[in-house]
Amino acid sequence: MTQSAAATSATRAVGGALERLPPPTSLLLVAGAAGLLVGSLRSEVFAQLTVQGLALGAVYGSLALALVLVYRATRVVNFAQGELAMATTYIAYQLIKWGLSYWEAFFATLAIAFVVGAALEVVLIRPVLHRSVIAAVIVTVGLFILIDGVVNWVWGGDFKFMPSPFGTKIYHVGGVSISRLYPGMFVVVIVSVLLVWALFRFTKLGLGMRAAALRPAESALVGVRVEWMLAIGWGLAAVLGAVAGLVAQPSQFVLQPTLMQPILVYAFAAAVLGGLESPAGAVVGGLAIGISLNLVVQYVPAITTELQTPLAFAVILVVLLLKPSGLFGHREVRRV
Amino acid sequence: MRARAPALASLAAVAALLCVLPFTLGDYNISLVAQVGVFFVAVLGLNILTGYTGQISIGHGAFMAIGGYTTAVMSRDHDTNLVVTMLMAFAICFVVGLLLGLPALRLSGAYLALATFALAVSVPLLPLQWSKFLGGRDGVEASRTVSNLWLYGAAWTASAILFVLAWLILRGRVGRAFRAVRDSEIAAVASGIELPVYKTLAFGISAAYAGVAGSLFVLATNGFAAPDEFGIALSLKILLGAAVAGLGSLWGVLLGAAFIGLLPTVSSSVPVIGSSHGQDVVFGAAVVLVMLLLPGGFAGLLAQLRRLKRA
């Protein structure tokens, strides 16, 4: 395929995705984006909060995407996804301590995360999956406690410090000062999300994985190795989680075992908001949650930082009750 | 009736053992076994919902919080008899459970897990919002504390009553309806079971059990109801207890309750893993291993042993 053909095909894919959106959702997105733009032009604080929210939202979106990948592949909500991301961040910390440069450690960690994620699916999830979804969810809850305990055991609960990959440079754009950290976070996450999307959209492996998730029995008939595909899906989810953890760490300045626990909550909210079935919805949901939480705490006096988490849960409850398929999802129709 | 004889015999044996234990154990061990009784009630309640009706809940810590605060607040403001507050916790949580069961009707599987998870994290934050009535971060202190022996008696008496109640509910028409809903909702509706009625009923009963467990739990922590005590960790613990016990079995509940009640204490006294985080490792690993190796939990193991003996 020539480059221009690939570009056209990519444009068509994006256009197709937009066309499939329910009209109210696309209207809502356009209105939201316009509101953010107007607000950012009028107020510097608003602009700063929006950029910060975009960066944090990208992190939530990437972890939410990991949850969605796992959900689509195996119908399991992985409660251990956040702790897994936290553990891989500790692995990166250890690699840097052993003398690797930040980016060497970054990519080595992603490779390790892939292997660990795939191995977890094969060893722990697959044996219980045929029993019930409840059993699999319980295993991930056990895994949550196990990983948390192991990290505390090996590295201890005290603060650790990692070098920031983005430096401390501050950009000044039209009176708004923005630390390089936030655009840096945003770019790293969005690039990895786009790479995963391209893998799913343009490669034979991606096609196999989509097929295995949607129609396992039929894909097996046409020669897709369904079990491998599910394991690879879990591996990719772990990679996205690791990216989220590695990128979230500098925004909290220290590394500690509770790194991902609030982020997992926001990622749940993002995944539910976008629809548990929809990868694009997870990313957009993450951005929406990140920006709106940041703005609400600043501009609504009744909402303090302590109320951010309950607010995210209110989002989960309201979306689940009003539109369980989320903003981007389609109503699930089941034949008896 | 003859098939039930061994079951009744082992039940009587357990009851007799529990009656004798307080005379042989020290005060500290009595408090440990009392704690197992508290978890027994909670796991029993969750088992009715998750094991028998097939609706997962990661939010039972929230119902325990409601029950616990009922006891603490009534005792603080009106000096109500503690046993009466337990009955009130049962009633209040039953109603709250019914009400929360209504939205849960629309959800199942992973979605219900997420929604109840949301509940578990949100409810303990409410006292921070209404700190005048519910004491904020410091919690509410009941007007009196109870001895470990009192707690032991109360916990296991409640366990016995609620166990019999659960058995009565589950053996008859209602229990059959619950199991039908669990095994296939569509088939259940087709054979004339009103899905909304039985699902909300299961939520209500299960929440009421958790409420009683919550008020016992508060008495076990020196009469203090504080938000931190009812965090997400408690909800996870109860779910794991029910899973390890074996979903859909009353007999495993005792072992499941002992597992979550005693394992942290036992594993922290073992030398190598005795750090506070070593016990998390043991707890998590034990849960994962039990889920992988014993599909039916402890209850499944018991059933297998019985089959071996008969063969």
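How many helices and strands does chain A have? Chain A has 13 helices and two strands, where helices (H or I, at least four residues) and strands (E, at least two) are DSSP runs numbered from the N terminus. The model is predicted, so local features need pLDDT of at least 70 and side-chain atom pairs count only at pLDDT 80 or more, while totals for chains, interfaces and linings use all residues. Residues are numbered from 1 along each chain as its sequence is written, and chains are lettered from A and ligands numbered from 1 in the order in which they are written.

The C-alpha atoms of chain A fill a box of roughly 60 × 50 × 45 Å along the principal axes. For 336 residues, a compact globule would have a radius of gyration near 20 Å, and the 20 Å of chain A agrees with this; the radius is taken over C-alpha atoms, and the globule rule is 2.2 Å times the number of residues to the power 0.38. Of the 336 residues of chain A, 46% count as buried. A residue is buried if 20 or more other C-beta atoms, placed from the backbone, lie within 10 Å of its own, exposed if 12 or fewer, and partly exposed in between. Among contacts in chain A with a separation of 6 or more, 72% join residues 24 or more positions apart, a contact being two residues whose C-beta atoms, placed from the backbone, lie within 7 Å.

Between the chains, the contact takes 38 residues from chain A and 34 residues from chain B. On the side of chain A that touches chain B, α5 (102–129), α6 (133–155), α11 (261–274) and α13 (308–322) each supply at least two residues. The largest share, 16 residues, comes from α6(A). By class, this side of chain A has 30 nonpolar, four polar and four charged residues; Ala, Val, Leu, Ile, Met, Phe, Trp, Tyr, Cys and Pro count as nonpolar, Asp, Glu, Lys and Arg as charged, and the others, Gly among them, as polar.

Helix α6(A) is mostly covered, with 18 of its 23 residues buried. Its end C-alpha atoms are 33 Å apart, in agreement with the 33 Å that 23 residues should span at 1.5 Å a residue, the expected span being 1.5 Å times one less than the number of residues. After α6(A) comes A:Gly156, whose phi is positive, near 80°.

In the segment after α13 of chain A lies A:Ser325. A:Ser325 is buried because 20 other C-beta atoms lie within 10 Å. A:Ser325 and A:Val272 are 53 residues apart in sequence and 7.7 Å apart in space, C-alpha to C-alpha.
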